[in-house]
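Let us walk through a protein model step by step. Keep the sequence and the 3D view side by side as you read.

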Amino acid sequence: MGITSNAASFDHWIRTSFVEINTELEGVYWAQENKADVQSGGASMKQQLLEEGRSHIAPLLDEGNTNEGFDSGFDLLGNVGLYMAACRRHDLTEPSREQTSPLREASGLALQLGATLGVTPRFATSHLSTHNMALNGVYKSFTSLAAEHVFLDFNTRSILAYKRAADALLRTLPLGISHPVTIDLLVAANDALKDVITYNDQLFDKLDGDRFFYCVRPYYKPYRVGLHEYRGANAGDFAGINVIDLLLGLCQADNLSYGQLLVDKFLYMLPEDQLRLRDVMRRQSLLDSFLECLKADAGAKWFQQNARMFLEVCETHGKTAAQHHDLLVNRFIEKQAKALPEEFQKDITASGPPLEVVLRALKKLRDLRVAADRDDIPSRYADLEKLKASLQ
């Protein structure tokens, strides 16, 4: 199915004037002594953004649900979400000072689309990564800044690599851990996770930390849609990374904090991802399957071969988690945040809570994924050591 002329006109604006206005405003902020201050300059450009976006969205709201299919509806939701996120970035809206979003038309359209599609009524990570159609080699973005394109390029590559790893692990389930082809799938998963490490290294080398912190990250803040405030898009808002966590057995859905993480992210994922993750939550992990066979089959050739490769996948997955936390989060968020004036530190995270709360949660998640030797979290350290001890 195609899209309506109003939707096409809005999409064109998002890809052109919208990007130009945001980029100009970033130039205004960047030239200031305090780069985090978005209230002092660019008033006419902010008003232009507000009014031009509204002029495109109002006809779409009047048009109603034209039933152009999921892909078109999801793409339109992304465009509305990008507009609302930009308004939030430029302080045209601010959840703490509002009881309802002043972007009435945008909220109405976003709520209608979100309810119809079965997703959260705001832009999500997939709108700027896996479901971001390029035209003539250019995909949608907030700005034309090099830092944003570096971030989106490598973030998309990492997400797709995680998806490849998750897909390979899922294909082991109908085969079982003793199947001779299972090792091929474990190797494929391991290779894909190594790609994640490569892409993260490249991101670390190429991304300008200050530009990212001051000119890219602020577009991912929480904002209000109608009455409710929705957290910002997160790079982990896709099923693949959690499918890997659960199938490897490094994390468990019945753990309170991890289970809460899953619940919080469901509507930020595509419906097909939601279904896949729900299915995996009821499956036995590969680690538990190996442990069940440990007593009777540890000496078997298949066990020695497949368990060894399984442990390598666990180790590589742990390396991606440590790399993300210890390099990327530390360099591109934590260091810059500490240098901010106190009055600008209250809302710097995409998820809403204070940065120190988010960092503690991320550290705990990292330690689950690396199977750290900790007894205050449900780490699988001891179980992995038991499996390692069985190898000859």
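Begin with the cysteines. This model is predicted. The sulfur of cysteine 293 has its closest cysteine sulfur in cysteine 314, 15 Å away. A disulfide needs the two sulfur atoms within 2.5 Å, so this gap is too far for a bond. Now find cysteine 215. Its closest cysteine sulfur belongs to cysteine 87, and the distance is 18 Å. That is also too far for a bond. Cysteine 215 is buried, at 2% relative accessibility. The count of disulfides in the model is zero.

Next come the aromatic rings. A pair of aromatic rings is described by the distance of the centres and the angle of the planes. The model holds 16 aromatic pairs. Take tryptophan 13 and phenylalanine 18: the ring centres are 5.4 Å apart and the planes meet at 55 degrees, so this pair is tilted. Tryptophan 13 and phenylalanine 18 are both buried.

Compare that with another pair. Phenylalanine 142 and tyrosine 220 have ring centres 6.3 Å apart, with planes at 70 degrees, so the pair is edge-to-face.

Now step back to the cluster. Ring pairs join Phe10, Trp13, Phe18, Tyr83, Phe123, Phe142, Phe151, Phe212, Tyr219 and Tyr220. Both pairs described above have their rings in this cluster.

Arginine 231 places its charged end over the ring of tyrosine 268, 3.9 Å from the centre. Arginine 157 lies over the face of phenylalanine 154, at 5.0 Å from the ring centre.

Helix α2 covers residues 17-30, which makes 14 residues. From first C-alpha to last, α2 reaches 20 Å, close to the 20 Å expected at 1.5 Å a residue. Which residues of α2 are buried? They are Phe18, Val19, Ile21, Asn22, Thr23, Leu25, Glu26 and Tyr29. An α-helix has 3.6 residues a turn, so residues three or four places apart point the same way. What covers the buried residues of α2? The cover includes α1 (5-15), α3 (43-63), α4 (70-89) and α9.

How values were computed. Residues numbered from 1 in each chain as written. Predicted model: local features only at pLDDT ≥ 70, side-chain atom pairs only at ≥ 80, totals over all residues. Heavy atoms only, no water. Buried < 20%, exposed > 50% of the residue type's maximum accessible area, 1.4 Å probe, protein only. Phe/Tyr/Trp six-rings, centres within 6.5 Å; stacked < 30°, edge-to-face > 60°. Lys NZ or Arg CZ within 6 Å of the ring centre and 35° of its normal. Helix = DSSP H or I, 4+ residues; strand = E, 2+ residues; numbered from the N terminus. Expected span 1.5 Å × (residues − 1). Contact = heavy atoms within 4.5 Å.
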